[in-house]
Amino acid sequence: MLRRDFLKYTSVFAAMALFPNTLKAATYTGPLWVFVQASGGWDPTSLCDPKGYLDEDLDSNLNPTSTAMNKSFANADIAASTSAPAIKYAPIRGRDDNNVDYDFATFFDKYGSELLVVNGIDTQTNGHDAGRRYMMSGKLSEGYPAISALIAGISMPSSPLAFITGGGYDETFGVVAGTRLSNMNAINELAFVNKRNETTTYVSESDFDRLTQARASRTKRTIEKQKLESIKKLAQQYGLAHSGSNELEKLVEFLPTDVTTHPDRNNTVFSQGRFAMAGYKAGLTSSVNIQIGGFDTHGNHDASHIPRLARLLKGVDLLKQEAENQGISNDVIFVIGSEFGRTPGYNGGNGKDHWSVSSMMFMGKGIQGGRVIGSSTHRHDANKLNATTLVEDENGINITYAHINKAMRKLASIENNELITQYYPLSGAIEDLNLFT
């Protein structure tokens with residue numbers, strides 16, 4: 001199809017959000033997708049693809065040398081989840097946002113039976129931008145939306161809060177409007193724009209309703225006058241930005257009362273995820289991007305990187321508990337990953353550099369847990385696997401982010417949508433790996 005046809009196609013999404021009485025979408029009944037992006041390139045060998053030091057990595061004083069995979073634990077001490085022995089993890093702990101120890105065993109023992117770990121992923125790059133793009137779109141080159149945006153745009157085109165993002169790779173290319181909601185204190189002001197304080201308003205409610213209707217009518221007339229689809233789309237997005245207060249009011253209704261006082265409110269994963277869960281409960285949100293940074297540890301790796309991993313795991317743990325509290329624990333899918341891994345061994349500054357082998361973790365609705373797919377050598381090189389059996393096979397394939405995105409599209413039931421097949425297919429002979437069931 002021509003580019004102008006694409007613009008007409010994507011403009012439908014914005015039009016449905018602005019004028020839901022004229023274009024209705026089916027009610028979304030799918031899960032909430034929570035994408036957690038560890039920005040900077042995490043170290044799976046210190047997490048879910050553990051590699052400790054060996055005897056030959058020790059010096060004469062029994063201290064791990066720079067050639068050791070990790071200095072914090074020995075290979076012989078690698079632990080297994082008590083709820084899913086197939087899942088191994090680094091036997092270490094780190095400090096969370098409140099400077100309290102969080103033991104990795106807490107996470108992996110609790111959620112092992114729900115977790116799917118994919119190790120030995122060939123990221124095909126050690127560049128930050130390309131890696132983030134590839135992990136979240138299945139495409140190394142530019143031009144594809146994040147899968148989180150595709151899921152939201154296809155599943156909830158009429159909701160201005162369908163896709164909530166806290167950063168990471170969140171390109172939408174017009175398939176949905178990404179909404180950044182990270183400031184807890186600003187939500188009430190955005191949701192109740194006519195409220196001066198708890199008891200008074202700027203104008204009467206009847207006048208405010210007339211103003212809102214007049215603005216929507218003016219925007220509609222502006223859109224109808226436009227001949228260029230690009231200008232029409234901008235006008236629709238302008239109208240959409242002014243039409244979301246009612247949706248924000250619904251979101252506020254479902255926000256927990258302790259969002260600004262919870263002891264773990266500074267945990268990025270937890271605080272951003274709570275917004276999305278409230279939006280999902282309100283029937284407004286289908287996916288969220290959560291970004292937690294600080295993983296690009298070229299120096300002082302163990303002291304800097306391990307606490308970030310602990311905060312990430314604690315945040316996901318808290319979100320799982322929040323889903324239980326909200327009664328949606330069976331309706332959430334977690335996707336946790338990073339743009340690439342980190343080198344085997346340490347550099348001269350006790351840091352680890354970029355490495356094009358990584359891991360991802362999944363759990364939630366439609367995902368068979370308690371399993372590990374893929375593997376890597378002790379020096380963290382990816383092992384090939386059989387595309388059918390998913391077991392190690394030297395004549396097999398390298399699993400990539402393209403394979404994972406293809407599987408996620410299938411799990412989200414969007415792989416045959418026209419937007420996917422016409423504009424964002426995953427090109428090449430990408431094997432259909434049965435990762436999740």
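Q: Which residues does Asp109 touch, leaving out those up to four places away in sequence?
A: Asp109 is in contact with Ala80, Ser81, Thr82, Ser83 and Tyr89, not counting residues up to four places away in sequence, where contact means heavy atoms within 4.5 Å. Bear in mind that this is a predicted model, in which local features need pLDDT of at least 70 and side-chain atom pairs count only at pLDDT 80 or more, while totals for chains, interfaces and linings use all residues. Residues are numbered from 1 along each chain as its sequence is written, and side-chain values use heavy atoms, with hydrogens and water left out.

Q: And where is Asp109 found?
A: Asp109 belongs to helix α2, residues 104-111; helices here are DSSP runs of H or I with at least four residues, strands are runs of E with at least two, and both are numbered from the N terminus.

Q: Does Asp109 count as buried, partly exposed or exposed?
A: Asp109 counts as partly exposed because its relative accessibility is 24%, given that buried means under 20% relative accessible area, exposed over 50%, and partly exposed in between, with a 1.4 Å probe and protein chains only.

Q: Switching to the core, which residues of the largest one touch the most other members?
A: In the largest nonpolar core, which has 55 residues, they are Phe104, Phe107, Phe108, Leu312 and Met361; such a core is a set of buried Ala, Val, Leu, Ile, Met, Phe, Trp, Tyr and Cys residues joined through side-chain atoms within 4.5 Å.

Q: Which elements supply at least two residues each?
A: Those elements are β1 (32-38), α2, α9 (268-281), β9 (287-292), α10 (301-326), β10 (332-338) and β13 (357-364). The most comes from α10, which gives 9 residues to this core.

Q: What else is there, in a second core?
A: A separate core of 48 residues includes Tyr134, Ile154, Phe362 and Ile414.

Q: And the chain as a whole, how many helices and strands?
A: The chain has 12 helices and 14 strands, and of its 437 residues 53% count as buried. Among contacts with a separation of 6 or more, 72% are between residues 24 or more positions apart.
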